Amino acid sequence: MGDLEFTTGWLREEDVAIHEEDSERNAEQAERNASMRSMLKRRREETKDTSAAEAPEAFMAVKNSVSSRKRVVDEGQPPWFVARPHIENTVLRLHEEILDFVDFMQQTREEIHARRKWVQSIKEACVALWPACKVSVFGSFFTGLSLPNGDVDVAVSEIPCKSGSAMKMLADHMLSKGQISWLEIIETAKVPVMKVRSQSSGLRADVVFSQPDGLQSSKFIRSKVKEYPQMKPLLLFLKYFLLQRGLHETYTGGMGSYLLCNVVLHFLQRHPSLKNGRFYAGTSLGHLLFDFLKYYGQEFNYTSHGISVLEGGSVFPKTERFPEKNKRSTGGPVLCLESPLSTSMDLGGACFRMPVLRNLFHHAFHCICHLMVTRSAPEVSMLCPLLIDPAHPVITDRFKLMAEQPVAFAGLPKSKSQEMEKKQKRLPNENGQAHDSHNDTKPPVKKRKIQPTQPLTQPTQPVQPIQRIHEEVDDATAAFGFHEDVSQWDLV
């Protein structure tokens, strides 16, 4: 007690009481800590004895765990993935997987033929109402950059009435024929549009009237896709990359298809590989994706620079061309991109979620850096799950997107093909008897699901990056190229 008085003589009585309580609590805690340490020590000794007795089994368990891990990884790979253990270069494996992803996502011949028949039915409805009208296609379907779930953009021109009246007339006509299962007319948009869905196939279409700008911009993008072969695979990947995050629509502040095409075009125009033929031949899609994410995620100066894709591409001071940009800037990055068809128009103005997009590109860049530094194993996908989600409905339902839909209203007739089937049942056969489906010996025709024309196969030898890109573009142009004027299509 004397020591306590000596050490606490300068404290007040209430402080001395508190000091004594703290000392008691500390002593109790010290006892608990000592008890815990002794328990942990005993546990370590028991574990050491057990592991020493079962050393051979533990060694075999490691091998079994590795094999089971590989089996689980293989089962969980995305449907486009092809393992390439013979390619040690991580960037080249990323290049090959991007091309495999594009092969999986781009539309098959059957899907393109179905879309062309859907456009042809829209054209027939328009000609029935306005015989002198002209029907054209534009947008991603025309440029060959459409995803499997993408709609078809149709432009109707040379009509004798206003666009609002024309949309209602066309909607009434197609509803009466039972050709559509769903429609929406948006007259208040900047470009009035009628959205429809086919009853027979489930395909969607956006129909606009007296709007030539869409066709001109699509021709511009189509010419640039031919000029830059790397543009198509990059765009198809980036379109899905933004779609699964809800950043692909212009009216929600995201980066629409036309804006994204110009953004990728500007990047390719400025890439150093264009200035050196040897560098160009060795540049893969893995390099380009890495550089694209780095350029728009870290390097590009959104504050002072604007983008132009004319005359080979350039950047310009934003304050000189679009001074109103600085007035409405809120401190975050604001994209400024000059329209190639109208230089006084800023295409990036509608992309008000550019801060989110810039952060997304920045994050994706670091994800690819992680894959490069850790040398991603060839048995696993480099795109999933860090960059894209294979569980998205566009991927899981890749070959289930085309399906017959219910009629828009009860009592309306179904599609023309179903009406023809009913007429065939009522027609007499060769013996003069009426056709009866119950007495027919032939089984009913089942709807065939759309499947890819050719399965993905693993190449025996790695190919040069730029060589495979050129082959992909040439094959696609030969197979799916068509004129924008629907009247010149051959659907046989």
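**Close-up views of a predicted model**

**View 1. His266 and the residues around it.** Setting aside neighbours within four places in sequence, His266 is in contact with Tyr295, Tyr296, Phe300, Ile307, Ser308, Val309, Ser314 and Val315 (contact means heavy atoms within 4.5 Å). His266 sits in helix α10, residues 257-270; helices here are DSSP runs of H or I with at least four residues, strands are E runs of at least two, and both are numbered from the N terminus. With 0% relative accessibility, His266 counts as buried (buried is under 20% relative accessible area, exposed over 50%, partly exposed in between, using a 1.4 Å probe and protein chains only).

A quick note for all the views: this is a predicted model, where local features need pLDDT of at least 70, side-chain atom pairs count only at pLDDT 80 or more, and totals for chains, interfaces and linings use all residues. Residues are numbered from 1 along each chain as its sequence is written, and side-chain values use heavy atoms, with hydrogens and water left out.

**View 2. Thr90 in helix α4.** Look for Thr90 in helix α4, which covers residues 90-105. Thr90 counts as buried, at 6% relative accessibility. Not counting residues up to four places away in sequence, Thr90 touches Leu371, Met372, Arg375, Ser376 and Met382.

**View 3. Helix α9 crossing helix α12.** The axes of α9 (residues 231-243) and α12 (residues 285-299) come within 11 Å and cross at roughly 55 degrees. Axes are lines fitted to C-alpha atoms, for helices over the stretch in contact, with angles running from 0 to 180 degrees between N-to-C directions. That angle makes α9 oblique to α12 (under 35 degrees is roughly parallel, over 145 roughly antiparallel, 65 to 115 roughly perpendicular, and the rest oblique). The crossing of α9 with α12 is right-handed, meaning that the near helix is turned clockwise from the far one by less than a right angle. On the α9 side, Pro233, Leu234, Phe237 and Leu238 make the contact, and α12 brings Leu285, Leu288, Leu289 and Phe292.

**View 4. The five-strand sheet.** This is an open sheet with mixed pairing and the strand order β1-β2-β5-β4-β3. Strands β1 (134-138) and β3 are at the edges with a single partner strand each, so one side of each has no neighbour in the sheet. Ignoring direction, neighbouring strands are turned by 25 degrees against each other on average. β1 pairs with β2 (residues 152-157) in the antiparallel sense over five bridges; pairing takes at least two DSSP bridges between two strands. Val137 has Val154 in β2 as its bridge partner. Helix α5 (residues 109-129) packs on the sheet and touches β1, β2, β3, β4 and β5, its direction making about 25 degrees with that of β2. Helix α7 (residues 163-176) packs on the sheet too, touching β3, β4 and β5, with its direction at about 170 degrees to that of β3.

**View 5. Strand β4 and its two hairpins.** Five of the six residues of β4 (residues 193-198) are buried, so the strand is largely enclosed by the rest of the structure. With β3 (residues 180-186), β4 pairs in the antiparallel sense over six bridges, and the hairpin joining them runs through six residues. Ile186 has Val193 of β4 as its bridge partner. β4 also pairs with β5 (residues 204-209), again antiparallel, over four bridges. Lys195 stands opposite Asp206 in β5. The hairpin of β4 and β5 has five residues between the strands, and Gly202 in the turn has a positive phi of about 80 degrees.
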